[in-house]
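Dear colleague,

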Amino acid sequence: MRSSRRQMLLATVLGWGAALLLFFPIFWMVLTSFKSEIAAIATPPQFLFAPTLESYAEVQERADYLHFALNSVLISVGGTLLALAFAIPAAYAMAFHPTARTRSTLLWMLSTKMLPPVGVLVPIYLLFRSLGILDTRSGLVVIYALMNLPIVVWMLFTFFKEVPGEILEAGRMDGARTGSEFWHLLLPLSVPGIASTALLSLILCWNEAFWSLNLTTSEAAPLTTFIASFSSPQGLFFAKLSAASTIAVAPILVFGWLSQRQLVRGLTFGAVK
Amino acid sequence: MATLQLRNLRKSYLAHEVIKGVDLEVADREFVVFVGPSGCGKSTLLRMIAGLEEITSGDLLIDGQRVNEVGPADRGLAMVFQSYALYPHMTVRDNMGFALRMAGVPKPERARKVAEAARILQLEPYLDRRPKELSGGQRQRVAIGRAIVRNPRIFLFDEPLSNLDAALRGQMRIELARLHEDLQATMIYVTHDQVEAMTLADKIVVLQAGRVEQVGSPLELYHHPANLFVAGFIGSPRMNLLEARVLGADGAGVMLEAAGARLTVPAGGASRPGAAVTLGIRPEALRPDPAGAFAGEVRLVERLGGLTLLHVTLVGGEAVVVQIEGSDPTPAHAPVRLGVEGAACHVFDAEGQALPALGRHPLAA
């Protein structure tokens with residue numbers, strides 16, 4: 001009884017410790033965004049200060065937040081939909097009509113995620129330039145979809161694996177061909193899995209910075225580029241940078257919080273029921 | 001009209017052959033049961049008929065037409081799965097109507113057919129529920145309903161009752177027999193439960209390790225098993241098997257010596273004196289008899305009320321089971337002599353094949 005209580009206390013302390021450690025930078029960022037530039041760089045750091053919205057005003061004056069936010073939404077949603085469009089049939093084939101090489105194909109797909117993206121930056125950049133899709137939303141949609149495709153296929157594969165094969169076989173006996181089987185049985189049965197996968201893909205797209213910084217300048221630039229533009233030539237302005245970051249991460253933070261149940265299920269790859 | 005023919009049907013997974021050449025004829029309206037121990041290939045064979053497993057070689061004919069390459073959706077068969085495999089996101093109504101919807105049947109006709117099936121299966125109060133809101137027996141009925149609304153050429157059942165408790169299983173067994181009577185349909189049924197096999201089947205197919213051991217009516221298999229495997233598999237308690245030696249043979253049958261007793265079994269076939277054979281005696285063919293040929297001691301008595309089972313160890317150490325109608329007074333640990341009619345015995349040669357009986361059981365002609 002005593003030891004289980006101590007364990008409980010330890011777990012609570014560790015849990016809160018980890019949570020605070022992870023949350024602190026975000027908290028500090030939000031706090032800084034309400035400071036003046038002077039207060040933002042003060043040493044020792046100030047916890048008590050006169051809050052001001054001047055950084056937000058300045059950020060909005062210098063850049064059109066809505067333009068970047070709209071790009072983020074369109075590119076994230078577009079990239080996710082494109083990835084799903086390829087991944088759903090792929091995962092279906094691998095889950096329900098596996099061959100001797102299915103497992104290694106899946107592993108190979110995942111292994112492409114281990115390649116550092118910067119390794120292919122130059123070829124991709126040149127490709128984009130030749131195709132004339134530098135700084136276009138469609139270009140980013142394609143690259144985001146490709147970037148997330150392995151993980152999306154993997155997640156859908158594990159979710160599809162949970163659907164009892166006999167239900168699909170019953171459908172086949174009932175006269176359903178591949179299309180109907182897919183549309184009337186598999187998709188409705190795996191809506192939760194597809195939703196979790198889409199959610200994770202959306203978040204990964206929203207937070208992606210490497211490709212957006214390198215392949216866009218203004219037209220198609222999403223919020224990550226917007227943030228980066230505040231760490232620029234004139235030097236670092238921490239309050240403004242924090243204000244820009246806060247409004248850039250706020251939507252996805254709220255979105256993630258609202259959908260955390262789905263997300264946790266997605267992140268555990270369907271391992272817990 | 002729906003007949004089925006299997007001609008030298010084979011199935012291999014890579015180099016491993018699981019169905020080793022099955023030949024079978026299923027007549028119109030026949031109720032055929034595949035039985036065998038787990039892993040004997042009975043479910044695989046059913047799935048090959050359904051089209052859910054590819055056929056490696058041989059021919060599968062439905063109504064005389066080869067359908068090896070026809071997909072499951074186009075074979076016109078219906079299947080009831082062991083797990084029921086109901087569509088969890090659909091109501092009972094939609095589950096039962098799904099096949100008709102796939103076939104493009106207009107809505108009013110669909111509703112009429114579903115209502116008809118629901119009436120037959122007493123599912124009317126549950127039509128708007130989802131599978132998870134139903135009991136096991138109700139789910140089972142929905143699975144059967146889903147099959148009957150389509151009016152299929154052949155019904156396939158894959159161990160449909162094995163997930164139900166004993167009482168419900170007995171009840172559903174009777175309902176299935178009634179359904180076969182009412183629908184006058186051809187049915188193929190897989191089970192490892194020999195009570196289901198004996199009671200439902202017009203014809204039983206006993207499978208072992210991918211091969212057909214024997215095909216016949218339930219009583220034919222019971223009274224005239226073709227080999228040791230069928231003899232041991234059909235019947236509960238199992239047939240008693242004793243090592244025996246041939247003494248001679250004449251027109252009346254084979255004379256044997258087993259467990260210190262001599263008897264004549266009316267069976268033919270070439271058996272030379274001295275040959276080692278196996279004597280098979282059903283538990284109900286043995287009875288306590290002061291003048292009986294076998295001597296032994298009762299080790300255990302199981303009194304079931306309507307039946308009494310005596311577990312007897314014979315003088316040579318062989319254990320046999322005796323099944324007696326009613327409540328027998330024989331106490332445990334008592335010496336006992338057992339008598340048997342030669343005509344109720346079976347003789348199997350060294351390869352385990354039955355020697356042909358000289359007479360046929362009247363119900364197994």
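**The nonpolar core**

The largest nonpolar core has 163 residues, and those with the most contacts inside it are A:A91, A:L156, B:V33, B:L156 and B:V347. A nonpolar core here is a set of buried Ala, Val, Leu, Ile, Met, Phe, Trp, Tyr and Cys residues joined through C-beta atoms within 7 Å. A residue is called buried if 20 or more other C-beta atoms lie within 10 Å of its own, exposed if 12 or fewer, and partly exposed in between, with C-beta atoms placed from the backbone. Helix α7 (residues 137-162) of chain A provides the largest share of this core, 15 residues. Domain 1 (4-231) and domain 2 (232-364) of chain B both give residues to the core, so it lies between them. The domain bounds come from an automatic or database domain assignment. In soluble globular proteins, nonpolar side chains tend to be buried together.

Leaving aside its neighbours within four places in sequence, B:L156 is in contact with B:L46, B:I49, B:A50, B:L77, B:A78, B:M79 and B:I188. Two residues are in contact if their C-beta atoms, placed from the backbone, lie within 7 Å.

**How to read the model**

This is a predicted model, in which local features need pLDDT of at least 70 and side-chain atom pairs count only at pLDDT 80 or more, while totals for chains, interfaces and linings use all residues. Residues are numbered from 1 along each chain as its sequence is written, and chains are lettered from A and ligands numbered from 1 in the order in which they are written.

**Chain B as a whole**

Chain B has 8 helices and 20 strands. Helices (H or I, at least four residues) and strands (E, at least two) are DSSP runs, numbered from the N terminus. The C-alpha trace of chain B spans about 75 × 45 × 35 Å along its principal axes. Of the 365 residues in chain B, 40% are buried. Among the contacts in chain B with a separation of 6 or more, 65% are between residues 24 or more positions apart.

The C-alpha centres of domain 1 of chain B and domain 2 of chain B lie 37 Å apart. Between these domains, 16 residues of domain 1 of chain B are in contact with 17 residues of domain 2 of chain B. On the side of domain 1 of chain B that touches domain 2 of chain B, the elements that give two or more residues are α7 (218-223) and α8 (228-233) of chain B. The largest share of that side, 5 residues, comes from α7(B). By class, that side has 10 nonpolar, 5 polar and 1 charged residues. Ala, Val, Leu, Ile, Met, Phe, Trp, Tyr, Cys and Pro count as nonpolar, Asp, Glu, Lys and Arg as charged, and the others, Gly among them, as polar.

**Strands of chain B**

Strand β4 (residues 57-62) of chain B contains B:S57. With 13 C-beta neighbours inside 10 Å, B:S57 counts as partly exposed. Strand β1 (residues 4-13) of chain B runs antiparallel to β4(B), joined by 5 bridges, and B:R7 stands opposite B:D59 in β4(B). Two strands pair if DSSP finds at least two bridges between them. β4(B) also pairs in the antiparallel sense with strand β5 (residues 65-66) of chain B, over 2 bridges, and B:I62 stands opposite B:Q65 in β5(B). The hairpin of β4(B) and β5(B) has 2 residues between the strands, and B:D63 takes a positive phi near 50 degrees.

A second hairpin is formed by β12(B) and β13(B), with 2 residues between them; B:A259 in the turn has a positive phi of about 50 degrees. Strand β12 (residues 253-258) of chain B is joined to β13(B) by 5 bridges, and the strands run antiparallel. B:E257 stands opposite B:R262 in β13(B). Strand β13 (residues 261-265) of chain B has B:A261, B:L263 and B:V265 on a covered face, and B:R262 and B:T264 on an uncovered one. In a regular strand the side chains alternate between the two faces of the sheet.

**Chain A and its contact with chain B**

Between the chains, 15 residues of chain A are in contact with 17 residues of chain B. α8(A) gives the most to the side of chain A that touches chain B, with 6 residues.

Yours sincerely
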